[in-house]
Amino acid sequence: MPDFTSLRTLAEQTAQHAYAPYSNLRVGAALRATSGAVYAGCNVENASYSIGGCAERAAIAAAVQAEGAAFRLAAIAVAAFSDTGTPLPVSPCGACRQALIEFGIEAGVSFRQPDGSWVEVDVDALLPYRFILPAQ
Ligand code: THU
């Protein structure tokens with residue numbers, strides 16, 4: 001499993017930048033590309049709730065903007081806080097799981113469990129029976 005120490009710290013720092021006035025859930029994600037570079041993102045909400053964006057996909061967008069189509073995901077940490085700064089458990093939503101797998105079938109993912117401990121899992125384990133575009 002990759003080293004998540006610095007990614008967790010950056011995810012926690014980036015969560016402080018979240019724009020989350022509707023859910024009050026501040027989420028940060030920090031990823032390491034296989035290139036070794038690190039990118040981060042936070043959730044950005046909108047009064048039209050369904051068009052808000054998740055932290056994980058914001059981090060992926062930053063990575064693709066920097067590295068182009070060659071970007072591959074090695075590891076990602078996700079952190080969340082309440083509006084008052086209490087650490088909260090969060091795991092990547094279904095849409096983000098599909099996005100993570102797109103860029104790194106062997107990537108590691110780390111996030112807090114309800115007991116406050118950090119879990120480390122292979123992204124592959126997070127989305128069994130995932131959508132794969134069928135060959136025609
Ligand atoms: N959120 C994320 O940023 N990542 C996830 O994987 C789950 C949910 C955000 C979206 C929304 O701004 C808030 O958390 C509540 O759903």
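**Reading a salt bridge and a ligand site**

Tutor: In this predicted model, Arg-8 forms a salt bridge with Glu-120, and their closest N and O atoms are 2.7 Å apart. The two partners come from distant parts of the chain, since Arg-8 belongs to helix H1 (residues 5-15) and Glu-120 to strand E6 (residues 118-122), 112 residues apart.

Student: How many salt bridges does the count come to?

Tutor: A pair counts when a side-chain nitrogen of Lys or Arg is within 4 Å of a carboxyl oxygen of Asp or Glu, and by this rule there are four salt bridges.

Student: Which residues surround the ligand, and where does the ligand sit?

Tutor: The ligand sits in the largest pocket, where the residues surrounding it are Ser-23, Leu-25, Val-27, Asn-43, Glu-45, Cys-54, Ala-55, Glu-56, Ser-91, Pro-92 and Cys-93. By class, this shell divides into six nonpolar, three polar and two charged residues.

Student: Which polar side-chain atom lies 2.5 Å from an oxygen atom of the ligand?

Tutor: A polar contact is read as a pair of N or O atoms within 3.5 Å, and here the atom in question belongs to Glu-45. An N or O atom in the side chain of Asn-43 is 2.9 Å from a ligand oxygen, while Cys-93 places a backbone N or O atom 2.9 Å from an oxygen atom of the ligand. Of the 370 Å² of accessible area that the ligand has on its own, the protein covers 78%.

Key
Residues are numbered from 1 along each chain as its sequence is written. This is a predicted model: local features need pLDDT of at least 70, side-chain atom pairs count only at pLDDT 80 or more; totals for chains, interfaces and linings use all residues. Side-chain values use heavy atoms; hydrogens and water are left out. A residue is near a molecule or strand if one of its heavy atoms lies within 4 Å of it. A polar contact is a pair of N or O atoms within 3.5 Å; within protein, one must be able to donate a hydrogen and the other to accept it, and residues adjacent in sequence count only if both atoms are side-chain atoms. Accessible areas come from the Shrake-Rupley method with a 1.4 Å probe; for residues, only the protein chains shown count as cover. On a 1 Å grid over the protein atoms alone, a cavity is a set of points where a 1.4 Å probe fits but cannot get out, and a pocket is an open set with protein on both sides within 12 Å along at least five of seven lines; lining residues have an atom within 4 Å of a point. A molecule sits in a cavity or pocket if more than half of its atoms lie within 2 Å of its grid points. Ala, Val, Leu, Ile, Met, Phe, Trp, Tyr, Cys and Pro count as nonpolar, Asp, Glu, Lys and Arg as charged, and the others, Gly among them, as polar. Helices (H or I, at least four residues) and strands (E, at least two) are DSSP runs, numbered from the N terminus.
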